[in-house]
Each structure stands twice: as C-alpha cells, then as structure tokens.
Amino acid sequence: MKNRFFKPRKCECKANMSVTFFDRLCFSHVASLICFPVCGTAPLNNRIVGGEDAPPGSWPWQVSLQRPGGHVCGGSLINREWVVSAAHCFSSTSTSGWQVSLGRQNLQGTNPNEVSRTVARIILHPNYDSDSSDNDIALLRFSSPVMFTDYIRPVCLAASDSVFNNGTDSWVTGWGAVNEGVSLPFPQTLQEVEVPVLGNRQCNCLNGVGTVTDNMICAGVLAGGKDSCQGDSGGPMVSKQGSVWVQSGIVSFGFGCARPNLPGVYSRVSRYQSWINSFISSDKPGFVQFSSSGPDADSKKKKVGKEKHCTLLN
C-alpha cells in the first residue's frame, strides 16, 4: 500500500483470542489504526483443489534448507527470524554450510522472489529419538531477520489444544521425490498434495503397533498415490481454518512413499508450543487453536491391544 497518507509501522493490536498471537502489518492514519494479520495468510493462494505444481506464492512459508550441493530438507517460516523443520535433517547442531532459501518456486533456474539467509543457530529437540523418530522437530534461527512479502510470510502453528480429526483436509508441500527413487524433474517446481488426516490409532495399526506416538500425526489415502517423499522432510503439513492456514505437522517418516495402507507420519506441531516458545523471546510465532468437525479419531476410549484388533478401530 504505497500512499503518502499512510505510514507503515509495527504495532500491538487488541484482538480476540483467535488472533491475539498474530504478527501484524499496521498502518496509522489520523486517529485510526488498521491491523492486518500476517501469520497463516497467503494472498496469492486462491486454490480450492490441487494440481501438482504449486503456483508461485501459494505457500509463502515454505523454505528450502540447503548445503553446498543443493536442497536437503524443507521447513516453514514461523516469524522473521525462525524456521521449524525436522530434527532428522541434521547430523549435529553445527551451522556450517547451512543456508535457508525463502520465496523460492524452483530449485533450478531463476527465482525473482527469492531471499536467502545463513543459519546462526540450530536447535534439536532434546528428546529426539532417531530410532523411533519421536520428537522429530528442530528450530533454525537466521543470521538476520527477513522482510515479509506476498511470497515470504510465516505460517500459523497449531496450539496445544488443537484437534485434527480423522478426515481433516490437509496440504503437504515440498521439493522431494515424486515417487520412490524418482527425483523431481527440471526445473524442480515446488509440489503440493492434498491428503486427509488419518487417526493415530488406525495409523498405528497400519504402520505397526507402537510406531506412532502421541507426538505424531498421520495423513494419507488408504488407496495410496498421495504422500510426501524423500526430500520433503522437515516441510509443513497445513490445514485451513477460516482464512488462516495452520501447520499441523512436520514431514517426518514413512515406509516407502504413497504405498497403499501406509500413510505418512508427521511430527505433531501442537505438542511443541511450550518448547518452541521457550527459545523465542520476542516476535512470538502465531499459535492458533485448530478444531475440526467429526468424530475424534484419536480418542483413547479404546485401547489398541493386539494387532489383530486394529481393523476394528476407527
């Protein structure tokens, strides 16, 4: 909004609980104050159903984590200085060689909206278990803040009391393989796929009892054919609530890619609100309580005993 009568400035805006934590762009004009929520908004995303190539700017929080040699993992921007990703993307907390690319559409060729930052700090969850993939979450801090644009914006994060019931419509994005062992073809355009949430109890049965913990969330179609894959790790799974996109999961692991009856497994973002906030003292990420309709597929009224009983659940 380029108008000499409006002067952009940062501000704190009073709002109801659903938007209290949003970052804002604010404009003062005489005695009025107009506040625009930034977290979870994608001005260039007007899609209802998905294709494969994501149009430029559709997912402005998506980042590429790179080392010399190219793209390693995905991640999502959560404020001007921090990115959330997966712990398994990192062999240590050394920042040497790491770079974050924001506003990027293709891994190859030109990206006019791209901004890059070096990494000043990598924080891995202290209880990350590489064997089970439990607590597969990491935080990265930039060497300097970024400015928000239509192509670079933070995602909202699922607050601790969020509920993602069975069938909740979700989108996963990334530059990973398009099939097992099949790399994304030139120019390696950011991909999007629409998948429903699958309840933890059913997901546990399908992937193997004990595989899926309360710190995880699953998504996929039982027929197969839609999934994240190698190279998508650390990237976001998001759902839309009203006009706001909320990140529910972080791409973590799966058995193969898009195989029937083997849904993908993601780190459950809502379990880490306190942990994330403990490292970010100012410009807090936007945590939003997400709720979805339908039966709670993760209800613990029924216990999974033996694997042979799994088909009776959900």
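The chain folds into two helices and 17 strands, where helices (H or I, at least four residues) and strands (E, at least two) are DSSP runs numbered from the N terminus. This is a predicted model, in which local features need pLDDT of at least 70 and side-chain atom pairs count only at pLDDT 80 or more, while totals for chains, interfaces and linings use all residues. Residues are numbered from 1 along each chain as its sequence is written, and side-chain values use heavy atoms, with hydrogens and water left out.

Of the 314 residues in the chain, 51% are buried, a term that means under 20% relative accessible area, with exposed being over 50% and partly exposed in between (1.4 Å probe, protein chains only). Among contacts with a separation of 6 or more, 67% join residues 24 or more positions apart, a contact being heavy atoms within 4.5 Å.

The largest nonpolar core has 47 residues, of which Leu65, Leu77, Ile78, Val100 and Ile276 touch the most other members. Such a core is a set of buried Ala, Val, Leu, Ile, Met, Phe, Trp, Tyr and Cys residues joined through side-chain atoms within 4.5 Å. Elements giving two or more residues to this core include strand 4, strand 5 (70–77) and helix 2 (273–277), and the largest share, four residues, comes from strand 9. Leaving aside neighbours within four places in sequence, Val100 is in contact with residues including Val63, Leu65, Val115 and Phe142.

The structure also holds seven aromatic pairs, and two of them are set out below. Rings of Phe, Tyr and Trp (its six-membered ring) pair if their centres lie within 6.5 Å, and planes under 30 degrees apart count as stacked, over 60 as edge-to-face and the rest as tilted.

| Pair | Centre to centre | Angle between planes | Type |
|---|---|---|---|
| Trp59 and Trp171 | 5.8 Å | 40° | tilted |
| Phe90 and Trp98 | 4.8 Å | 55° | tilted |

Trp59 lies in the loop between strand 3 (32–37) and strand 4 (62–67), whereas Trp171 lies in strand 11 (residues 169–174), so that this pair links distant parts of the chain, 112 residues apart. Phe90 counts as buried because its relative accessibility is 7%, and Trp98 is buried with a relative accessible area of 7%.

Finally, the charged end of Arg80 sits over the ring of Phe148, 4.4 Å from its centre, a description used if NZ of Lys or CZ of Arg is within 6 Å of the ring centre and within 35 degrees of the ring normal.
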